[in-house]
Amino acid sequence: MSTTGAPADPLAALGSLPGVAESVETVRKAVDRVYGHRIMRRRSTAITSEAALRGARGSAALSGADWALEEVRRRSDFGVDDEARAVGAALRLTAEAGQLLSIWRQSPLRVLARLHLVAAASKDDEVGRPRQAGEPVDEPLIELPLPGADEVAGRLEGLSGLIVAGSSAPALVTAAVVHGELLALRPFASHNGLVARAAERIVLIGSGLDPKSVCPAEVGHAELGRAAYLAALDGYVSGTPEGMAAWIAHCGRAVELGARESTAVCEALQRGAA
């Protein structure tokens with residue numbers, strides 16, 4: 001997202017794109033339904049834990065490890081192959097995201113570096129920092145042109161500045177831009193998709209839209225499918241008003257589906273308690 005010649009609050013300006021206000025309102029109603037469920041008053045911790053597990057499964061699926069939920073739930077060894085490592089990384093990121101909320105608004109780049117460190121779980125030189133010129137990127141499921149290291153550095157600084165400055169934009173808009181920008185840039189040598197979705201989660205929680213983290217957008221992104229995800233990302237990368245609005249709407253639909261998932265969990269727990 002380029003900010004050259006942009007208004008003082010470019011994130012808020014995106015909120016005025018056609019259809020975005022409707023997406024924001026629909027998401028708010030979906031989230032409110034979950035938080036208004038009677039089970040949330042007594043079992044919110046259980047809902048949060050289940051949402052975290054399902055969100056991690058969804059994020060891993062979009063990174064090529066489409067495991068059944070029960071397989072994710074029962075496994076303890078996540079280092080045996082690429083798929084297992086992707087699932088393990090998604091689980092670690094979901095657990096870590098909640099610990100970084102207080103840092104995000106002051107130092108987004110520090111949080112992103114930490115997320116990559118957690119996802120990669122290695123001590124390789126390229127871990128925990130943006131890639132340098134000439135370094136390859138292992139992100140085979142995203143085939144967009146790869147921005148150069150200088151462009152990545154500049155756009156990351158721009159994104160960080162927007163977050164630190166604050167915005168009147170709805171949480172959905174900010175979360176969608178953070179998510180889309182990280183996917184477009186792929187600033188790290190690996191695990192960019194997982195990091196982008198974890199960052200989206202941090203924005204949704206920290207903004208107050210989903211403070212208990214019970215509306216996992218990753219579930220919705222996975223349910224909508226990788227093809228739709230990549231097509232919507234193409235819209236973001238295009239930079240056109242229509243493309244940006246379509247990406248924000250796609251992210252909104254993902255949050256709605258995450259909220260629906262947790263509503264179903266609430267209903268199941270309610271039936272079990274009856």
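Me: Buried means under 20% relative accessible area, exposed means over 50%, and partly exposed lies in between (1.4 Å probe, protein chains only). On that scale, is Cys266 buried or exposed?

Reply: Happy to start there: this is a predicted model, where local features need pLDDT of at least 70, side-chain atom pairs count only at pLDDT 80 or more, and totals for chains, interfaces and linings use all residues. Residues are numbered from 1 along each chain as its sequence is written, and side-chain values use heavy atoms, with hydrogens and water left out. The relative accessibility of Cys266 is 0%, so this residue counts as buried.

Me: How many disulfides does the structure have?

Reply: A disulfide is a covalent bond between the sulfur atoms of two cysteines, and here the test is a pair of cysteine sulfur atoms within 2.5 Å. Cys251 is buried at 0% relative accessible area, and its sulfur lies 15 Å from the closest cysteine sulfur, that of Cys215, which is too far for a bond. Cys266 is in no disulfide either, with the sulfur of Cys215 as its nearest at 9.3 Å. By this rule the count of disulfides is zero.

Me: What pattern does the protein follow along the sequence?

Reply: Helices (H or I, at least four residues) and strands (E, at least two) are DSSP runs, numbered from the N terminus. The protein has 13 helices and zero strands. Read in order, the pattern is α-α-α-α-α-α-α-α-α-α-α-α-α.

Me: What radius of gyration does the protein have?

Reply: This radius is taken over C-alpha atoms, and the globule rule is 2.2 Å times the number of residues to the power 0.38. Those C-alpha atoms fill a box of roughly 60 × 45 × 35 Å along the principal axes. For 274 residues the rule puts a compact globule near 19 Å, which agrees with the protein's own value of 18 Å.

Me: What share of the contacts with a separation of 6 or more joins residues 24 or more positions apart?

Reply: A contact means heavy atoms within 4.5 Å. As background, buried residues make up 50% of the 274 residues. Among contacts with a separation of 6 or more, the share between residues 24 or more positions apart is 72%.

Me: How many residues of α9 are buried?

Reply: Helix α9 covers residues 171-185 and reaches 21 Å from its first C-alpha to its last. That is close to the expected 21 Å, where the expected span is 1.5 Å times one less than the number of residues. Just after α9, Arg186 takes a positive phi of about 45°. The helix itself is mostly covered, with a buried count of 15 of 15.

Me: Which residues does Ser23 contact, leaving aside neighbours within four places in sequence?

Reply: Ser23 sits in helix α2, residues 20-35. With a relative accessible area of 13%, Ser23 is buried. Its contacts are Leu172 and Ala249.

Me: And which residues does Glu126 touch, not counting those up to four places away in sequence?

Reply: Glu126 lies in the loop between α7 (108-120) and α8 (149-165). At 28% relative accessibility, Glu126 counts as partly exposed. Its C-alpha is separated by 25 Å from that of Arg105, 21 residues apart along the chain. The residues Glu126 touches are His116, Glu135 and Ala189.

Me: Which residue meets Arg73 in a salt bridge at 3.2 Å?

Reply: A salt bridge is a side-chain nitrogen of Lys or Arg within 4 Å of a carboxyl oxygen of Asp or Glu, and the structure holds 17 of them. An α-helix has 3.6 residues a turn, so residues three or four places apart point the same way. The partner at 3.2 Å, N to O, is Glu70.

Me: Which residues do salt bridges with shared partners join into one network?

Reply: Some bridges first: Glu71 pairs with Arg75, with their closest N and O atoms 2.9 Å apart, and Arg75 is partly exposed at 22%. Glu135 and Arg129 meet at 2.7 Å, N to O; Glu135 is partly exposed at 23%, whereas Arg129 is buried at 16%. The network built on shared partners joins Glu50, Arg54, Glu70, Arg73 and Glu261.
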